Amino acid sequence: MPPKAFLYPVPMDLYEDLKIRKYGFHGTSHKYVTREAAAYLGKPVDEIDLITAHLGNGCSMAAVKNGQCADTTMGLTPLAGLMMGTRSGDVDPALFPFIARHKKMSVTEVDNLLNKQSGLLGVCGLGDMRDVHAAREKGVEKAQLAFEMFAYRVKAQIGAYLAVLGRADAVVFTAGIGENDAFVRAEACAGLEGLGIRLSPERNEAREPGVRRISTDDSPVAVLVVPTDEELEIAHATKTLVEK
């Protein structure tokens, strides 16, 4: 990532002394699905522009420009970015001292609250999206709200990364929710036709193995589901390192 993306707007000595910056996580997954998406679309990896969405219990998205990460949602820690199973994702930084003062909580307790008691779990009491859907079907309002909040944040990030990239060959969904949850994919892409993203309801709802396209044939931006394989990506990286 370029410095404009990975640096935080805080005193530079914090970066120089403590290396405080955005690092991001799920890198092996984002790299793997980038290569797989490029092969599926028939483009060289170094010419592909993608928005990759790793959505599971932990969630992150990346803007990929010419096969390289231009930006990602997770930061110094995995707490940043999207709403997750138990993590809050991005919140107002002032929320931390506000909670500490008003709830008489320590730094460690607030950190635990944002990492392990927030996200889907914090909103509706359920940290697994499958359980959230089951509760939604029973009419549980907080479960519906949690689902909508989760998908809204994915949609907002798609729009943000389209602005960062200027264009995209595809939006790629991967990991447990990204690969298997048609409801989340549909909600996250709803209303983005003006940005060139046209989802096919039939393709989105079909369950098929391997890489597949779930957008319409005339969608300017393809929408793909690419099963991730982080273990294989680690093996590729190891092989490359050993060969050097």
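This is a tour of one structure, stop by stop, with what to select and what is found there.

The model is predicted, so local features need pLDDT of at least 70, side-chain atom pairs count only at pLDDT 80 or more, and totals for chains, interfaces and linings use all residues. Residues are numbered from 1 along each chain as its sequence is written, and side-chain values use heavy atoms, with hydrogens and water left out.

**Stop 1: the core**

Select Leu55, Phe150, Val154, Ile158, Phe173 and Ile197. These have the most contacts inside the largest nonpolar core, which has 39 residues. A nonpolar core is a set of buried Ala, Val, Leu, Ile, Met, Phe, Trp, Tyr and Cys residues joined through side-chain atoms within 4.5 Å. Buried means under 20% relative accessible area, exposed over 50%, and partly exposed in between (1.4 Å probe, protein chains only).

Next, colour the elements that give two or more residues to this core: β1 (50-55), β2 (59-65), α6 (119-124), α7 (129-137), α8 (141-165), β4 (170-174), α10 (182-189) and β6 (222-225). Helices (H or I, at least four residues) and strands (E, at least two) are DSSP runs, numbered from the N terminus. The most comes from α8, which gives nine residues.

Now select isoleucine 197. Beyond its neighbours within four places in sequence, isoleucine 197 is in contact with Ile158, Leu162, Val171, Cys189, Leu192, Ser219, Val221 and Val223. Contact means heavy atoms within 4.5 Å. Another core, of 13 residues, lies apart from the largest one; Val33, Ile48, Leu50 and Val172 are among its members.

**Stop 2: α8 with α7**

Show α7 and α8 together. Their axes are 8 Å apart and the helices pack at an angle of about 130°, which makes α7 oblique to α8. Axes are lines fitted to C-alpha atoms, for helices over the stretch in contact, and angles run from 0 to 180 degrees between N-to-C directions. Angles under 35 degrees count as roughly parallel, over 145 as roughly antiparallel, 65 to 115 as roughly perpendicular and the rest as oblique.

The crossing of α7 and α8 is left-handed. A crossing is left-handed if the near helix is turned anticlockwise from the far one by less than a right angle, and right-handed if clockwise. For the side chains, select Met129, Val132, His133, Ala135 and Arg136 in α7, which meet Ala143, Gln144, Phe147 and Phe150 in α8. By class, this contact of α7 with α8 has six nonpolar, two polar and one charged residues. Ala, Val, Leu, Ile, Met, Phe, Trp, Tyr, Cys and Pro count as nonpolar, Asp, Glu, Lys and Arg as charged, and the others, Gly among them, as polar.

**Stop 3: α8 with α10**

From α8, Phe147, Phe150, Ala151, Val154, Lys155 and Ile158 meet Phe183, Val184, Glu187 and Ala188 in α10. The contact of α8 with α10 has eight nonpolar, no polar and two charged residues.

Zoom in on valine 184, which is found in α10. Valine 184 is buried, with a relative accessible area of 1%. Not counting residues up to four places away in sequence, valine 184 touches Leu55, Met129, His133, Phe147, Phe150, Ala151 and Ile177.

**Stop 4: α3 with α12**

Move to helix α3 (residues 27-41) and helix α12 (residues 230-243), whose axes come within 9 Å and cross at roughly 85°. The two are therefore roughly perpendicular to each other. Select Thr28, Ser29, Lys31, Tyr32 and Arg35 in α3; they meet Glu230, Leu232, Glu233, Ile234 and His236 in α12. By class, the contact of α3 with α12 has three nonpolar, three polar and four charged residues.

**Stop 5: single residues**

- Lysine 19 lies in the loop between α2 (12-18) and α3. Its phi is near 60°, a positive value in a residue other than glycine. At 43% relative accessibility, lysine 19 counts as partly exposed.
- Alanine 175 is in helix α9 (residues 175-180). Alanine 175 also has a positive phi, of about 75°, although it is not a glycine. With 6% relative accessibility, alanine 175 counts as buried.
- Proline 209 lies in the loop between α11 (201-205) and β5 (212-213). Proline 209 is exposed, with a relative accessible area of 76%.
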